[in-house]
Amino acid sequence: HEQQVKEIVREETGLFVTCGHELSDLLDFRTRAHTAVANGRIVPLLAKLLRDLERVLRERGIRAPIAVVKGDGTLIGKAAALERPVETILSGPAASVAGARVLTGLDDAVVVDMGGTTTDVATIEGGTVKVSGSGSDVGGCRTHVRALEIGTTGLGGDSFLAWRQGCLEIGPRRVAPVAWLGARERGTGKALDFLAGRLDSFKGSTRHMQIVARTGEGDGLPLSAEEREILAALKERPASLPELAEATGISHLGLLPLSRLEEHHVIQRCGFTPTDLLNTARAANLWDADASRRMSALHGEIVGVETGRMVENLWEEIVRKLALVLLKNQLGGDTDTLDRCAGCRRLMGSIMEGGNRNFGLRVNMRLPFIGIGAPVHHFLPRAAALLGAEVVLPDHADVAGAIGAVMSRIEVRRQLKIQPGDRGGFMLEGLAGARHFTDFERASESAEGALVDMVRETARAFGTSEEAVEVDFEDHIVPLGDGTQLFLGRTLTGRLVGEPDLVLARAG
């Protein structure tokens with residue numbers, strides 16, 4: 001029935017349709033529903049990404065199949081990825097972990113991938129990273145998505161840095177660096193001028209010290225009157241949030257209707273970031289470094305600290321946060337519990353500070369940290385020093401993700417189950433329609449043949465012509481009190497691993 005409904009909806013609407021059974025063969029209706037809903041929401045985003053990618057390839061005369069990395073580090077073909085994009089969640093970190101291992105040859109290490117938006121941490125043991133057996137969390141909801149066990153925190157080169165009541169907040173919001181905006185928009189200086197004339201309004205918090213720019217995208221999106229006013233105010237140049245509030249007559253900066261425009265990439269928020277810190281400290285020279293230094297100076301004036309000292313203090317805070325993230329990751333378990341425990345917070349704070357005059361605390365990490373990602377070499381060595389860890393910064397670390405993607409293979413896993421029937425005989429579960437057998441051997445033989453066919457069909461859809469399938473059997477038997485045994489069922493698992501096809505199949 002589910003398959004029939006899918007075909008009817010497709011025929012009537014022409015839209016993609018997500019079915020829960022296509023994404024998971026595990027029980028738990030609620031989790032399967034979360035998986036299907038997440039998949040449906042991601043479809044249009046991935047479809048646009050792939051359309052843009054195909055256009056770029058055509059412009060360069062490249063005629064090759066497109067493969068997408070999944071969250072477990074394996075590959076999937078374009079058509080299959082559009083059917084099940086939820087499986088590509090955490091694909092970037094998964095590819096980076098594979099690339100880190102290729103670049104270093106280390107089979108036991110902690111991979112720290114610091115990008116623009118997040119820092120992703122995974123532990124390699126014996127050359128592999130564990131795959132989450134219970135499924136991954138997506139937006140706070142448990143799903144049946146297979147993905148590597150990777151810890152992710154909102155700390156990266158584009159993390160928004162803000163002061164609030166004298167305390168520094170790092171992320172998790174991502175904004176574009178002011179340096180990027182300055183290189184892209186000639187009117188950035190005027191937006192900074194506007195902020196400079198109103199610094200007193202940011203004494204309590206700098207969270208609204210942001211500048212917004214149009215991206216030129218989002219044509220055809222129906223807009224409200226307030227959204228049209230905002231875009232009109234941004235027509236000539238970028239504008240700060242206070243400017244937009246004045247232009248639209250909105251009484252409070254937090255009431256500006258920017259969320260939908262951001263979601264559809266019509267506008268881009270920009271603000272103070274670690275990238276701007278690096279420019280100010282002359283540790284980097286990215287885009288418009290002068291714009292970074294000016295924004296840093298404005299923040300220094302607000303907090304009453306000389307710019308150079310403020311930059312060093314912020315840098316140290318980012319290092320401490322990164323070290324704390326790495327420590328929690330290695331402790332494992334529920335990190336939220338650590339945050340709620342006052343004693344745990346004091347203990348971890350003492351580790352970061354090295355104790356006090358009465359005692360000293362030291363961590364000695366036994367695994368090296370492999371640092372990859374553009375900003376990682378600026379922060380990881382100092383964070384690792386707090387934890388007594390060796391640091392490995394391989395050559396070409398900035399393209400570790402690409403290397404990992406190229407080295408990945410397609411893998412297909414499927415399961416079928418044979419269970420005793422209610423009225424005798426055996427039932428085969430995992431295929432459309434009920435299949436009943438009176439003889440167990442015939443049931444097992446039929447299940448194995450159907451499983452092999454199903455795995456091969458899926459493998460072709462994923463983009464590989466490999467046909468070798470390994471089938472494993474697991475019987476579920478429990479002992480009874482009288483010494484006999486009760487057969488509960490057999491699980492058959494089929495697995496195929498193959499290289500992605502490198503040439504597009506020609507029509508006809």
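Biologist: Why are α8 and α9 called oblique to each other?

Modeller: The axes of α8 (residues 225-233) and α9 (residues 241-248) come within 10 Å and cross at roughly 125°. Axes are lines fitted to C-alpha atoms, for helices over the stretch in contact, and angles run from 0 to 180 degrees between N-to-C directions. Under 35 degrees counts as roughly parallel, over 145 as roughly antiparallel, 65 to 115 as roughly perpendicular and the rest as oblique. The pair α8 and α9 is therefore oblique. The model is predicted: local features need pLDDT of at least 70, side-chain atom pairs count only at pLDDT 80 or more, and totals for chains, interfaces and linings use all residues. Residues are numbered from 1 along each chain as its sequence is written, and side-chain values use heavy atoms, with hydrogens and water left out.

Biologist: Which residues make the contact of α8 with α9?

Modeller: Glu229, Ile230 and Ala233 of α8 and Leu244, Ala247 and Thr248 of α9 make the contact, where contact means heavy atoms within 4.5 Å. By class there are 4 nonpolar, 1 polar and 1 charged. Ala, Val, Leu, Ile, Met, Phe, Trp, Tyr, Cys and Pro count as nonpolar, Asp, Glu, Lys and Arg as charged, and the others, Gly among them, as polar.

Biologist: What makes α5 and α17 roughly perpendicular?

Modeller: Helix α5 and helix α17 (residues 400-407) pack at about 90°, with axes 6 Å apart, so the two are roughly perpendicular to each other. Among the residues that meet are Ala95, Ser96 and Gly99 in α5 and Gly401, Ile403 and Met407 in α17. The contact of α5 with α17 has 9 nonpolar, 4 polar and no charged residues.

Biologist: Why is α13 called oblique to α16?

Modeller: The axes of α13 (residues 307-331) and α16 (residues 376-386) come within 8 Å and cross at roughly 60°. That makes α13 oblique to α16. The contact includes Trp315 and Leu322 of α13 and Phe379 and Arg382 of α16. Its residues divide into 10 nonpolar, 1 polar and 3 charged.

Biologist: How many cavities of 30 Å³ or more are there?

Modeller: The count comes to 1 cavity. On a 1 Å grid over the protein atoms alone, a cavity is a set of points where a 1.4 Å probe fits but cannot get out, and lining residues have an atom within 4 Å of a point. About 30 Å³ of space lies in the largest cavity.

Biologist: What lines the largest cavity?

Modeller: Pro93, Ser96, Val97, Val111, Asp113, Asp120, Val121, Ala122 and Ile150 line the largest cavity. Two or more of the lining residues come from each of α5 (91-104), β3 (109-114) and β4 (119-124). The lining divides into 6 nonpolar, 1 polar and 2 charged residues.

Notes:
Helices (H or I, at least four residues) and strands (E, at least two) are DSSP runs, numbered from the N terminus. On a 1 Å grid over the protein atoms alone, a cavity is a set of points where a 1.4 Å probe fits but cannot get out, and a pocket is an open set with protein on both sides within 12 Å along at least five of seven lines; lining residues have an atom within 4 Å of a point. Grid points are joined across faces, edges and corners, and a volume is the space filled by probe spheres set on the points.
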